Amino acid sequence: MSASELQRAEWLDPQFWDRLDRLESHHRRIQSEHNEARRGLERLAPNKSEELRQAWERYCDVITELDRTAAEFEVLRSGAE
């Protein structure tokens with residue numbers, strides 16, 4: 001058993017921890033995609049309207065996914081109280 005597992009509240013269901021681990025992993029990946037999308041927007045020349053539109057759509061999709069995972073964190077947090 002790892003140190004992090006020892007620190008976890010024993011009264012919480014193991015499925016809660018599995019869900020939290022998956023959600024944290026997904027959230028980290030989406031945050032990375034967000035940073036990549038933002039950098040992509042910053043690299044575009046203003047006269048590249050189609051590239052800009054595509055980059056902006058990707059950025060918006062990533063923001064939507066970040067919002068979704070943040071809401072899932074809130075559901076987990078409120079359910080653990």
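Student: What percentage of the 81 residues in the protein is buried?
Tutor: This is a predicted model, in which local features need pLDDT of at least 70 and side-chain atom pairs count only at pLDDT 80 or more, while totals for chains, interfaces and linings use all residues. Residues are numbered from 1 along each chain as its sequence is written, and side-chain values use heavy atoms, with hydrogens and water left out. Buried means under 20% relative accessible area, exposed over 50%, and partly exposed in between, with a 1.4 Å probe and protein chains only. By that criterion, the buried share of the 81 residues is 25%.

Student: In what order do the secondary structure elements of the protein run?
Tutor: Helices (H or I, at least four residues) and strands (E, at least two) are DSSP runs, numbered from the N terminus. The protein has three helices and zero strands. Read from the N terminus on, the order is therefore α-α-α.

Student: Which helix has the highest confidence in the protein?
Tutor: Confidence is given as pLDDT, the predictor's value for each residue from 0 to 100, and its average over the protein is 82, with 84% of the residues scoring at least 70. Confidence is lowest in helix α1 (residues 3-7), where the mean is 54. The highest mean, 88, belongs to α2.

Student: Why does His-27 count as buried?
Tutor: His-27 lies in helix α2, which spans residues 14-43. Leaving aside neighbours within four places in sequence, His-27 is in contact (heavy atoms within 4.5 Å) with Leu-66, Thr-69 and Phe-73. His-27 counts as buried because buried means under 20% relative accessible area, and the value for His-27 is 16%.

Student: Is Glu-36 buried, partly exposed or exposed, and what is its relative accessibility?
Tutor: Glu-36 also has its place in helix α2, and its C-alpha atom is separated by 8.9 Å from that of Tyr-59, 23 residues apart along the chain. Glu-36 counts as partly exposed, because its relative accessibility is 42%.
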